[in-house]
Amino acid sequence: MSDYKQQAAIEAAKLVQPNATIGLGAGSTMTHLINAIRSTPGLAGSLTVASSSFATRQTLLKEGFNVKESGWLAQLDHYFDGCDQFDWRLTALKSGGGVHAAEKVLAAMAKQFVLVGDATKRVDRLTNTYPLVVEVIPEALAYVSARLKEYFNPIRSELRLSDKKDGAVITERGNFLIDNWFESFPEPGVLNDRVSVLPGVLEHSLFYNMAHKAITAGPDGIVIYTKP
Ligand code: 5RP
């Protein structure tokens, strides 16, 4: 079977110029992208790379990349990341890893934020297949859940629990994650506006109007979308 994520990653690697400073997100497509970059002679060693993902960072270090903390960088040439879904506006939903706060910072500092994945990621409108993940400081857990219910009812809001420990998942910053399942996915602009301003919310997993480009691969080949 064709590995469309790998094909999209090979296409994305063509954007990486020698000596660039880039960011890489989480997921299997990013592992393909690392491999594609490594297969271009002389490229990997010339790059400075930051990552929002523990797993991606470990792979980069193992492969000898020059990895830098994102807190010391103000701008990236490119930030590449996968997603759960993206729509016609290249608004993306990223839910799985729970590291969207760090991902959003890298996406914001990039001259070009590029989504990469197989063709199933492209949808006309975001659907309720995936939750909106909201990172909240512990003090705001009940307050933010109540506001989300008020604004977007019917909604199912669940504190993300660990399957490796008895208790909640705690983020790198000591916060909680709330997974929010909508009956029908709200208008992304409204969702972004309402959730972003709630006191106690660090970040949510909707990347509203942030990406500049998306590269997908599927049965119809490579498709490159640019921000409308
Ligand atoms: C993690 C993400 C990932 O980028 C998303 O799950 C894509 O993963 P994959 O490349 O394996 O399809 O958003 O929060």
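The chain is divided into domain 1 (4-124 + 208-226) and domain 2 (132-202), with bounds taken from an automatic or database domain assignment. The structure is a predicted model, in which local features require pLDDT of at least 70 and side-chain atom pairs count only at pLDDT 80 or more, whereas totals for chains, interfaces and linings use all residues. Residues are numbered from 1 along each chain as its sequence is written, and side-chain values use heavy atoms, with hydrogens and water left out.

The C-alpha centres of domain 1 and domain 2 are separated by 25 Å. Their contact (heavy atoms within 4.5 Å) involves 12 residues from domain 1 and 14 residues from domain 2. About 900 Å² is buried between domain 1 and domain 2, and carbon and sulfur atoms contribute 57% of this area; buried area is the accessible area (1.4 Å probe) lost by two parts on being put together, summed over both. Within domain 1, the residues losing the most area to domain 2 are Leu93, His100 and Tyr208, which together account for 43% of what that side buries.

One feature of the interface is a salt bridge, defined as a side-chain nitrogen of Lys or Arg within 4 Å of a carboxyl oxygen of Asp or Glu. The count between the two domains is 1 salt bridge. Across the same interface, 3 residue pairs are in polar contact, both residues being at pLDDT 80 or more. A polar contact is a pair of N or O atoms within 3.5 Å; within protein, one must be able to donate a hydrogen and the other to accept it, and residues adjacent in sequence count only if both atoms are side-chain atoms.

Ligand oxygen atoms lie 2.6 Å from a side-chain N or O atom of threonine 29 and 2.8 Å from one of lysine 121. A polar backbone atom of glycine 82 is 3.3 Å from a ligand oxygen.
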